[in-house]
Every structure is written in structure tokens, then in C-alpha cells.
Amino acid sequence: MSNSVFSVISRFVEEYRSSTPNKLKMIDAYLLYILLTGVFQFLYCVLVGTFPFNSFLSGFISCVGSFILAVCLRIQINPQNKRDFLTVSPERAFADFLFAHTVLHLVVVNFVG
Amino acid sequence: MAHLCLFSLLVLSLVLETQALTPTHHLTTTDVARLQAVLSQPFTDLKSAYYSVVGLSKLGIFVADADETCRFINSNLDPSSVESLFYAAEASQALSGCEIPVTNDTRDLLLATVSEDSTASQIHQSVSALSALGLPLASQEVVSALKARISKEDNVLAIILALQTASRLSQQAELGEILEEIEDLAARLDDLGGVYLQFEEGLEATALFVSAAYSLSDHVDMEPPLKEDQVIQLVNSIFSKKSWDSLSEAFSVASAAASLSNNRFHVPVIVSAQGPAAVSHSHPFLQLQVTDVLCQPLSSASVLVESASAVASKSAILSQAPFTLRDGVFELNFMASQPASGYYQFSVAITGDSRFVANHVELKVKVSTRVAINNMDLSVVDKDQSIGPKTTRVEYPTKAKASFMADSHQNFAMTFQLVDETTGVELTPHQTFVRLHNQKTGQEVVFVAEPDSKNLYKFELDTAERKTEFDSISGTYALYLMVGDATLENPILWNVADVVLKFLDEEAPGTIQAKTLYVPKPEIQHLFREPEKKPPTVVSNAFTALVLSPFLLLLILWFKLGANISNFTLSPSTILFHIGHAAMLGLMYVYWTHLNMFQTLKYLAIIGSLTFLAGNRMLAQKAVKRLDGK
């Protein structure tokens, strides 16, 4: 049982390394960064306490929001999904990504206190 | 179905209408005397002489010095003024044996004033002067002139004066149209709360209207179109004011009172109890004064109690019992029917004259009695009932000779009966209190004695249960019985006995503290909200570093993946875009530290639009390059 799980995982990693374009790998690195940042914030909240709660929330929501936006960018840029996004060019996706981030950061900075 | 509803509504309204009004305001004998005093003031000119003389004559009083007054009138008379002639003529008619010299010029002047061109007031004055002086006048001319004036001057006072004038004319004249004005005027009265009915012009206008309407109605012998309730409401309005601002106001009230007490159609009846409406064995007669509005007793009246019933039990005591007239007061021996003490609702009817208005009166009569205390038994009962109770009987108003002892194992009990002194019927007064007073400390505790189903009053004191009321202070307490009620003539405060109460000593407070209600209370210190406890700086710093560490990881990963900026074109739009983007991020930091949302949005709009334009251009260039590269 664990054997098959291990083989699936190693196969997956191999496929990832070979067939994913570089651009997507960069976005994946970014996603990992965002994830870790969010996890560490949550850890602080669990270990030390919720004071100040609004700051924790805004930081955490910022991570979550950024993660989601980056995932959207990755989906739109992926050449394999081109058929689904005929009207959206990669540049357009990036522009949307930047605009949404501006709005997100406006809200986050307002809430962080 | 609709017909049935309508019919029942009609019946209901008829039933409600039979609840007639009775006057809430009327003149008492002191008020009438005050009115006479106001009218008897020495007069300064012809007008005030008129008001005084004629006003007093309406009240049935004649001026003391008639000759002196006559001379005064004659000397102040101005024969060229219609008004002056009016005052003089009317005043002289009220005095006996006073003559005003009349010349042909005077008569011509007065007759000439009777025309459509004079005001209603002038016509009234000339017609009254002509009739007072005994000069002939043409009634029909007057009528037509009045009709013309009424249609021109549509105000209330003018129409009232027209009514007064019409009552001086010959009965053969066509007064029908003027008579109808009474009804029109009555419709213009304001109903205030269903109690008062008056003109907005004031009391004087209302009073003059009443006197004019009744004098005209008497003159033509036709009942005025005023309903009984309206008459009573007019009585309330006119007689609610007991001191009058001016002589003319007093005069108008006097005329109204005179016409209401002596006209052919409506005579309002004022019924008032002499003293409080209460009877008892010492005062068994219920005395009523039945008068007209001028406080003159009605000689032809006969007063009857239609029904009298107890308020509490609604059982009828009397029915159709007549009052007897004695010395101008109607009285009834109510105690002869042996009523129990309490309140009774009387419905009284005054008959004898078909003109009486408001002749059904509702009265509340109180029957008082004296109370006696029977069978006052005091005892000390052991709680476990092992020793039988010793009962001591005490007679009112003596005090028990021995004092009673009760400690925590015993109960002190008291039973008694309250009866009517004369009839022996059991009573349940409103207040039956037992008061225990500690003479040494001044403490006082009051309990209520309750009657049981057989009207026997019981009071039990359980020393153990009631120790909180006594603050566990042992000692001698004087026991008082307090009995009181509105229908009792002899409220009772009786020191029945002395009771020595023993409480368990360890519970007694050291000193007795008077209840301090009015000393300053301890000051309240406001507690501001404590700031929340922050974690130590070391921990915060450590976690900040931890949270920022993934950024390093990101840079390493990107480097390993081969991220580069080799495609960076140095075109203006690219530079502008990057500067704009950096500026936006800087703005976010400044927003966090200094600005508020509005300022930020303002700057963001400026920087954002620049960045957007530059970025658009840059990305377009990139897209072109990408498509070319394909």
C-alpha cells in the first residue's frame, strides 16, 4: 500500500520536473512562499495568542488572497488551458493579477491597523 | 344582516343618549353674592350705570337709592347719541319712577336709525330705547332692516343683537326667519370635550346668546332648538368662571343666569349635597339642595330616589323613595333602611315641572359606622403543641395586665373580631395592622392581620421565622392594634399588651445601626480598560523573522529555476510602469503609517492610472514580441 503511494508520488515529481514549463515553476515557487508565510502566521496565532486579532486576520487573509490570485494567474497562463481562455492573453492575465492585488492590499493595509 | 346591524346601532345610540349630562360647574351662593357685589360697584358713567342697574334688576335686586341714580342718568344723558339714549332708557325702565324726557327730535333720531344702513348694534339700541321709552315703532321695518344687517354682518355678536331686538317687537311681526338664526348660531358653538359649549368669541358672547335666545323664544312662545345636553354644556361654560374681568362680562352672566332660571322652556336644575354626602347613625339624614342656576330653591320640585344600590355588591337598597322638604332642603332618612357601611350609588330624579333640565342625578353616598372589637384573645402557643395555649382575653380599651413571653420555641397568637357597633355585623376594614414597638431602641415592626373565611381576624408571630424583621433584638415590645377605613368614624389605635420576645442572643448585632440612607456612599473609581497583555518582545521578533524567512526561500528557488531580467527592455513605458508600481507599494506603506482611506484613494487614483497606462503599453509591446517570436 505505502509502496504504491510512494511510487505515485515519485512519478508525479518526475513528471512535474520534466514537463512543466519554467514560467509555471516560478509561479509555483511563489505559491510555496505564500503558503509558508500564511502557515507561520497561523502558528504564531496558535502558540502566542490572538492579540492583536485584526492584524492577524489581515495578514492571513492577505496570504490567502495572494495565493488564490496566483493560482488564477497560473491557470490562465498555462498553455495547456489555452482553449479555455481564448479571450485572455497571458499579458491580460498578468494585468488582472496586478489590479486584483492592488485592491487586496488596499483592504489588507486598511485592516492591519 | 345589515339591517340588523343598523338597528342594533340605533338602539345602542339611543341607550347611550339617555345618559344625560349634569352640570359640573354652577354658581354657589358665594358666587352669586360676588356677582352682585361686582354689579353694585359705584358707577362712573352712563354705560356702567346701565350695566349695574339692569344687571342687578335681572338678579332681582333693586338699587338702593333710585332717585340719586335717576338724577345721575338724566345729567349724563346725551340726547343726540343713540347709544346714550339706549343706556338711559333701559336703566330708567329698571328703576321705578324714573322718567327720561323725550322730545320729538329724540324720537325722530331713534326712528331714523332703524334702517339698513345702520349697524345691527345701532338698530338694537334704537329699538330697545324706543320700546323702553314707550314710543311706537314699525316692527316690520325693523324686521327687514335686521334681515339685511344679518346677511351683511355675518358675525355672532350682530346676530345675537338681532335676536335681542326681535324680542322687543310686536308678536304679529314675521319673526320666523330671525327665529331660525338661533339654530344657526347654536351650530356655531364649539364643543369642548363634551363638557363645555361656547363661542370662540368668548364667555360674554355665549352668555348673551343664551339670554337673547330665551327672551326671543319666550316672546314668540316657541321652544328654542337647543337639546338638553346642549343647555347643560352652556351652563358649564357660562358658570365656570367665578370672577369676571369687566362689568359687561358680569352683566352678561347675570342676564344668562336670569334667563336660565326663569323662562318657559328649559330650567336647569342644580343638585348638590349639603356638606359631604355621608350618613351615619349620628347623622342619619341625607340632605340635598335643589336649586336653579341662581341658587334659588325650586319650590315646585319633588325629589325622588329612583334606585339606590351598594357599590360593592350591586344589591338594591331603596327604590322610589321620596325626599321630604324641610327648611328649603330636601332630606331622606337613609339610615332607616339600615344599610351596611360602605358606598352606595343613588339615582335621584327631580320632577314637578316639565321645564326641568338635567333632572336625573347620580350621587355616591357613603354610609359610615363605628367599629367595635370583640373577643380579643391573646395566647402563647408552644410550637410542638405539648403545652396547651393560655388564652387571655382583653377588653378594649384596656391593656393586658401581664406581659406575654415568647421565645424561639413558641408562637404568639392573637385573634379578634371586628363588628359594627350598632348592628353587630362583621366588618373587614381596609387597614388592620399589628404594630410592635420596642420602647428602648425605637424599632417598630408592622404586620397585617388577615381575616379568615368566617371574618375572624388572626395574627400569629413566629419568633424564629420573623427574626430578620426584628434584627434579632430581644426585649419588651409594646403591641398595638391599628384599625382604619374610610367608612369608619372611629379609627382605633389600641395598645393591647406588652410582648417580651427572646431571640437567640448570638445572632443579635452588637449595636443597632439606624438605617443610614442619606450618608455619602463610597466613591466609585472608574476602571479604565486595561490594555491587553502583549507577549514579550523576544517572541514577537522571533516570529517576525520566521514569517519573513520564506521570502529568502523564494529568492533561492527563483535563482535555481533561472529567473532573470534579460528581457528587460528600457523603453519609457516599462520604466514608468515599474516606477508607478513601486510608488503604489510605497503608497501602501504610507497608508499604513500616516494616511486614511480617502487620501489613499486619491493618490492611488493618480498613480494607478499612470501605472495602468504605462503597463498597458508595456504588456502590449510584450504581446507583440511574443506573437512575432512564435
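Here is a short tour of chain A and of a few places in chain B. The model is predicted, so please read every value below as computed from it. Chain A is made of helices, with four of them and zero strands, while chain B carries three spans that a UniProt record labels as transmembrane region.

**Chain A at a glance**
- Starting at the N terminus, the order of elements in chain A is α-α-α-α.
- Chain A has 113 residues, and 35% of them count as buried.
- Among contacts in chain A between residues at least 6 apart in sequence, 69% link residues at least 24 apart.
- Chain A has an accessible surface of about 7,200 Å², and carbon and sulfur atoms account for 70% of that surface.

**The annotated spans of chain B**
- The unreviewed UniProt entry places "transmembrane region" at residues 542–563, 575–594 and 600–620 of chain B.
- Residues 575–594 of chain B are 95% helix and 0% strand, with 28 Å between the end C-alpha atoms.
- Residues 600–620 of chain B are 100% helix and 0% strand, and their end C-alpha atoms are 29 Å apart.

**A covered helix in chain B**
- Helix α13 of chain B takes in residues 247–261, 15 residues in total.
- From first to last C-alpha, α13 of chain B reaches 21 Å, close to the expected 21 Å.
- Of the 15 residues in α13(B), 14 are buried.

**A closer look at B:Q171**
- You can find B:Q171 in the loop between α9 (156–166) and α10 (176–187) of chain B.
- B:Q171 counts as exposed because its relative accessibility is 55%, and the cut-off is over 50%.
- The side chain of B:Q171 comes to 2.6 Å from the backbone oxygen of B:H219.
- B:D221 lies 50 residues from B:Q171 along the chain, and their C-alpha atoms are 9.7 Å apart.

Notes:
Residues are numbered from 1 along each chain as its sequence is written. Chains are lettered from A and ligands numbered from 1 in the order in which they are written. This is a predicted model: local features need pLDDT of at least 70, side-chain atom pairs count only at pLDDT 80 or more; totals for chains, interfaces and linings use all residues. Side-chain values use heavy atoms; hydrogens and water are left out. UniProt positions are given in the numbering used here, feature names are shortened, and annotations may be inferred rather than shown by experiment. Helices (H or I, at least four residues) and strands (E, at least two) are DSSP runs, numbered from the N terminus. The expected span of a helix is 1.5 Å times one less than its number of residues. Buried means under 20% relative accessible area, exposed over 50%, partly exposed in between (1.4 Å probe, protein chains only). A polar contact is a pair of N or O atoms within 3.5 Å; within protein, one must be able to donate a hydrogen and the other to accept it, and residues adjacent in sequence count only if both atoms are side-chain atoms. Contact means heavy atoms within 4.5 Å. Accessible areas come from the Shrake-Rupley method with a 1.4 Å probe; for residues, only the protein chains shown count as cover.
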